[in-house]
Amino acid sequence: MKFRNFKMVDYVIFGRGSINQLGEIIAPHRKGDAPMIFFVDYHFEGDAAFAARLPLEGKDKIMYIDVTDEPKTKVVDALRDQLVKEFGTVSGIIGIGGGSVMDMAKAVSLMMNNPGSSADYQGWDLVKFPGVYKVGIPTISGTGAEVSRTCVLTGPTRKLGMNSDFTPFDQIVLDPELVKGVDKNQMFYTAMDCYIHCIESLQGTYLNAFSKSYGEKALELCQEIFLQKDNWDDDSDDKLMMASYAGGMSIAYSQVGVAHAVSYGLAYLLGTKHGIGNCIVFDKLEEFYPEGVKEFKEMVRKHNITIPQGITKGLSDADFNTMIDVSLGMAPLWENALGKDWKEQMTRERLRKLYEQL
């Protein structure tokens, strides 16, 4: 096929308090007494007021997802097995949280209807069957997981997503009220995932008018929020949520680039969280994205954010080789960043030197 015919999220609702409509949104998708399963970020565990807002019926269940570590294939498989054992089947899975929780919801949804291990589907277009009904509700903005066609997982041998047309959510609920009170540093790290999406997309070889339109708008919103405004307010939350959406849409028809390819290696070996990992890497990428990195450093200074340094100091040759192997496995990201001859440009030696700077 000459042009990508990609799958988008089926339904989108945006607005403060829109989570209150969740009950009527999911009602038509209930199948008999099969429950809706709510995957909720463990940050909300013990928050009775938040739990009371969820439209539980019958055998519905809240499962609090620990995001200390990013999603692993073995955890996805274990959750699938638990749900099958307890309920046989479910009506749907609702992921409420950041990118890790939403990715977990997408992955478990797919694995409810696909055999084997989720590790078998790490790659592009390997998923054979649609998952159960799935809803994404972000409680932090930036990852774009709410609109992406992947759910990124760390498996036995690599960190790679289940990239497929079956992966996008059937429904997303964008409620800016839910991002209130997020830790300042965490908010920044996750928001910068969106900013970096835009820089990598807009400077990539895959760029086209579709991705450019979304990328430019998302970038404009990030610049307004983090450079032009002096105080964080409700308008900031609203705009950052839409920047995350547009940034995710931008890479849907293009790709990310060097920062993401390198940060996957960090995440696989060191367990570095995605948002902060991207910031650690992007901070050192002047040779690839000079203007973007300059602007990023301005944002870091303005908001008094700390970017960890020296995290690869003291690693062994074997450790560096592991990160390099994982990173070089992200071929579409490198091609978008450097072109079809990326293998000649990004040698193992050059990538090793880049990792050593981190």
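1. In strand 9, Ile172 is the bridge partner of Gly136. Strand 6 (residues 133-138) and strand 9 (residues 171-174) run parallel and are joined by two bridges, where pairing requires that DSSP finds at least two bridges between the strands. Strands (E, at least two residues) and helices (H or I, at least four) are DSSP runs, numbered from the N terminus.

2. The model is a predicted one, in which local features need pLDDT of at least 70 and side-chain atom pairs count only at pLDDT 80 or more, whereas totals for chains, interfaces and linings use all residues. Residues are numbered from 1 along each chain as its sequence is written, and side-chain values use heavy atoms, with hydrogens and water left out.

3. The open sheet has six strands in the order 1-9-6-4-2-3, with parallel pairing. Strand 1 (11-14) and strand 3 (61-65) stand at its edges with a single partner strand each, so one side of each is left without a neighbour in the sheet. From one strand to the next, the twist averages 15°.

4. Helix 4 (residues 99-111) lies across strand 2 (36-41), strand 3, strand 4 (92-97) and strand 6, and runs at about 170° to strand 4. Such angles run from 0 to 180 degrees between N-to-C directions, and axes are lines fitted to C-alpha atoms, for helices over the stretch in contact, contact being heavy atoms within 4.5 Å.

5. Helix 10 (residues 290-302) has buried residues at Gly292, Val293, Glu295, Phe296, Met299 and Val300, buried being under 20% relative accessible area, exposed over 50% and partly exposed in between (1.4 Å probe, protein chains only). They cover an arc of only 165° around the axis, which puts them on the same side of helix 10; the arc is that of the directions from the helix axis to the C-beta atoms. On the other side of helix 10, Glu291, Lys294 and Arg301 are exposed.

6. Which helices are included in what covers the buried residues of helix 10? They include helix 5 (184-202), helix 6 (209-228) and helix 9 (274-282). Helix 6 packs against helix 10 at an angle of about 35°, with the axes 10 Å apart. The contact involves Leu219, Cys222, Gln223, Phe226 and Leu227 of helix 6, together with Glu295, Glu298, Met299 and Lys302 of helix 10.

7. In helix 8, ten of the 13 residues are buried, so that the helix is mostly covered. Helix 8 is followed by Gly271, which has a positive phi near 75°, and just after helix 10, Asn304 takes a positive phi of about 55°.
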